[in-house]
Amino acid sequence: MRKALLGLLPVMLMMLAFPALAEPYTFSNGAQWGMSKAEIAEIEKAEPDDDEPCREHVQGIGYRNQTVSKYIAERVYVLADDELFSVWYGNFSSDEDKDLKYLQGALTSLYGEAAALPPENVVKFVADVADSDLGGEVTFSSQWTVGDDTNIWLFNVTSDSDENDIFLFYVDANFDESQIGIYNTTGL
């Protein structure tokens with residue numbers, strides 16, 4: 001018995017020294033960070049409803065009428081140089097404050113308490129990625145972190161006409177939007 005325990009000791013020490021690699025975040029349909037447009041179309045089992053460039057090197061492919069919790073929304077996969085780094089949900093079937101609170105509760109039930117998300121981070125991210133603005137002021141924003149590779153942002157934008165729009169972004173936490181379109185010079 002003592003030999004068996006001594007034999008397990010090195011294995012246990014290795015487990016402490018090298019924790020298991022975190023599994024990459026996988027969406028309910030099987031999508032993962034880094035997938036290409038073709039791989040996403042295969043998972044979606046359909047060509048996108050919308051396929052538009054956001055800015056140079058960035059493309060958004062959208063699928064309308066997607067179920068998100070108890071709502072219908074548009075899902076947009078955002079790719080830089082044909083690699084998925086963000087998924088955006090917008091155009092929710094209802095954008096009332098109670099719906100925002102409901103989604104916040106649903107996300108909290110899955111991922112724990114939300115952390116603060118400075119509105120200026122949302123504004124900068126959208127400007128960097130889409131080369132556009134949100135069309136209003138971010139009046140509510142929260143974020144959850146899942147594993148080492150995914151941030152989930154829930155935020156509300158109030159336009160000049162006092163209309164509210166709910167957005168839910170999934171962002172690859174390891175992606176640096178300032179590197180979009182920069183040459184990869186590794187090994188050159």
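How do the residues in the lining of the second largest pocket divide by class, into nonpolar, polar and charged?

1. **Ground rules.** This is a predicted model, in which local features need pLDDT of at least 70 and side-chain atom pairs count only at pLDDT 80 or more, while totals for chains, interfaces and linings use all residues. Numbering starts from 1 along each chain as its sequence is written, and side-chain values use heavy atoms, with hydrogens and water left out.

2. **Overall fold.** The protein chain has 4 helices and 8 strands (DSSP runs numbered from the N terminus: H or I of at least four residues for helices, E of at least two for strands). Read from the N terminus, the order is α-α-β-β-β-β-α-β-α-β-β-β. Of contacts between residues at least 6 apart in sequence, 47% join residues at least 24 apart; contact here means heavy atoms within 4.5 Å.

3. **Largest pocket.** This pocket has a volume of about 490 Å³. Its lining holds 19 residues, and those closest to its centre are Glu74, Val76, Trp88, Asn91 and Phe167. Two or more lining residues come from each of β1 (50-55), β2 (58-68), β3 (71-80), β4 (83-90), α4 (119-130) and β8 (164-172). For the terms: on a 1 Å grid over the protein atoms alone, a pocket is an open set of points with protein on both sides within 12 Å along at least five of seven lines, a cavity is a set where a 1.4 Å probe fits but cannot get out, and lining residues have an atom within 4 Å of a point. Points are joined across faces, edges and corners, and a volume is the space filled by probe spheres set on them.

4. **Second largest pocket.** Here the space is about 300 Å³. Among its 17 lining residues, Val68, Ser69, Tyr89, Leu168 and Tyr170 are the closest to the centre. The elements giving two or more residues are β2, α3 (97-111) and β8, and α3 has the largest share, 5 residues. Now the opening question: by class, the lining has 11 nonpolar, 5 polar and 1 charged residues. In this scheme Ala, Val, Leu, Ile, Met, Phe, Trp, Tyr, Cys and Pro are nonpolar, Asp, Glu, Lys and Arg are charged, and the others, Gly among them, are polar. The largest pocket, for its part, has 10 nonpolar, 5 polar and 4 charged lining residues.

5. **Nonpolar cores.** The largest core has 28 residues, of which Tyr77, Phe92, Leu168 and Tyr170 touch the most other members. β3 gives the most to this core, with 4 residues. Another core, apart from it, has 20 residues, among them Trp88, Val126, Val157 and Phe167. A core is a set of buried Ala, Val, Leu, Ile, Met, Phe, Trp, Tyr and Cys residues joined through side-chain atoms within 4.5 Å, and buried means under 20% relative accessible area with a 1.4 Å probe, protein chains only.

6. **Tyr77, worth a look.** Leaving aside neighbours within four places in sequence, its contacts include Asn29, Ile40, Gln59, Tyr63, Leu84 and Val87.

Conventions: Buried < 20%, exposed > 50% of the residue type's maximum accessible area, 1.4 Å probe, protein only.
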